[in-house]
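Work through these exercises with the model open beside you. Try each task before reading its solution.

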Amino acid sequence: AFFPLFPLLIRLTSYLTGGDYLIAGLIVSVLAGTASAVGVWALAARVRDRRVADRAVVLYCFFPGAMTFGMLYSEPLAVALGAAALLALIERRWLLAGIIGAAGTAERPTLIVLTVVSGVAAAQAIWTRREWRALLAPALTPLGMLAFFGYLGHRYHDYAFWFRAEKAGWNQHIDWGVHTLRIVFWADPGTSKYRVFNLVVIIMFIAAVAGIAMTLAARLPLPVTLFGVLVVLMCAIAYGQSTKPRFVWSGFTLFIGAAAKLPKAIYWPVVVLSAAGLVFLIGWWP
């Protein structure tokens, strides 16, 4: 059920740690987390300025979803690859964007949105500059996912094997946001009895909506805005994911929009509240 790039990097690193997968996993996680923060900063500095970049990376690092910095989860590496792919698209380095995008779609299923984002960027480039080379990015980006599905299909004689595994193991499927809205309106019987969990998901839903609004208001380049919106949307319409902190966090471009639009009097209280939420999730998640 899990995409192969992150565990593959752990396996490769384990050759340097004498076969110790725990140490290898920690090394990969720390490096991926560092790369993700640098990537968020670099992208924000490219599309706005260094001040916004500083503010964005602080929001990113202290958002409750940053709890995954300390877990062997794939989100930090996904953010690093997503930021690198977007930066390549903004700089019109189409081949590089496609290669990084292919690595991304082999790392995490939500990064399939990079195919749509790179397609939109390519359409813009062709429309405005007749830059047909831009088609390299959307052509290459989905190859990581297609290669993984092809491998699974060959091994298990079922090219829909991943979807069956997700459904059977985690009850993951698309319900077009019904489950998320039930949680938000405190009407889902499966989660309403877990009051703290339900409240956290509602707060994250509000934060995601506010982040999307600020990103749209900031008038960032279309690929950057589209990435954050699509990542959050994919989580919201998937049963079993909803707007949990780490899923909203992976739509990291929303932090750039927030950094650009939040006034100083609101920005720092938001950082403090986010940090408090992060401490709560790390230290006392019931």
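**Exercise 1.** With which residue does Glu131 form a salt bridge, and how far apart are the closest N and O atoms?

*Solution.* Some ground rules come before the steps. This is a predicted model, where local features need pLDDT of at least 70, side-chain atom pairs count only at pLDDT 80 or more, and totals for chains, interfaces and linings use all residues. Residues are numbered from 1 along each chain as its sequence is written, and side-chain values use heavy atoms, with hydrogens and water left out.

Step 1. Recall the idea: side chains of opposite charge can pair when their charged atoms come close.

Step 2. Apply the rule: a salt bridge is a side-chain nitrogen of Lys or Arg within 4 Å of a carboxyl oxygen of Asp or Glu.

Step 3. The partner of Glu131 is Arg92, with the closest N and O atoms 3.2 Å apart.

Step 4. Glu131 is in the loop between α6 (113–129) and α7 (136–140), and Arg92 is in the loop between α4 and α5, so the pair ties together parts 39 residues apart in sequence. Helices here are DSSP runs (H or I, at least four residues), numbered from the N terminus.

Step 5. Check the exposure. Buried means under 20% relative accessible area, exposed over 50%, and partly exposed in between (1.4 Å probe, protein chains only). Glu131 has 16%, so Glu131 is buried. Arg92 has 41% and is partly exposed.

**Exercise 2.** Which residues do salt bridges that share partners join into one network?

*Solution.* Step 1. Start from the total: the salt-bridge rule gives seven.

Step 1. Take Arg46 and Glu91. Their closest N and O atoms are 3.7 Å apart. Arg46 sits in helix α2 and Glu91 in the loop between α4 and α5 (94–105), 45 residues apart.

Step 2. Glu91 also meets Arg93 in a salt bridge, at 3.8 Å from N to O.

Step 3. Join them: Arg46, Glu91 and Arg93 form one network.

Step 4. Arg46 is partly exposed at 39%, Glu91 is partly exposed at 35%, and Arg93 is partly exposed at 46%.

**Exercise 3.** Why is the pair of Phe2 and Trp170 edge-to-face?

*Solution.* Step 1. Rings of Phe, Tyr and Trp (its six-membered ring) pair if their centres lie within 6.5 Å; planes under 30 degrees apart count as stacked, over 60 as edge-to-face and the rest as tilted. The structure holds 17 aromatic pairs.

Step 1. The ring centres of Phe2 and Trp170 are 5.3 Å apart and the planes stand at 85°, so the pair is edge-to-face.

Step 2. Phe2 lies in the segment before α1 (5–14) and Trp170 in helix α9 (residues 161–170), 168 residues apart.

Step 3. Phe2 is exposed at 63%, while Trp170 is partly exposed at 45%.

**Exercise 4.** Are Phe63 and Phe255 buried or exposed?

*Solution.* Step 1. Look at the rings. Their centres are 5.1 Å apart and their planes are at 65°, so Phe63 and Phe255 are edge-to-face.

Step 1. Phe63 lies in the loop between α3 (50–62) and α4 (75–90), and Phe255 in helix α14 (residues 253–261), so the pair ties together parts 192 residues apart in sequence.

Step 2. Read the areas. Phe63 is buried at 7%, and Phe255 is buried at 8%.

Key: Helix = DSSP H or I, 4+ residues; strand = E, 2+ residues; numbered from the N terminus.
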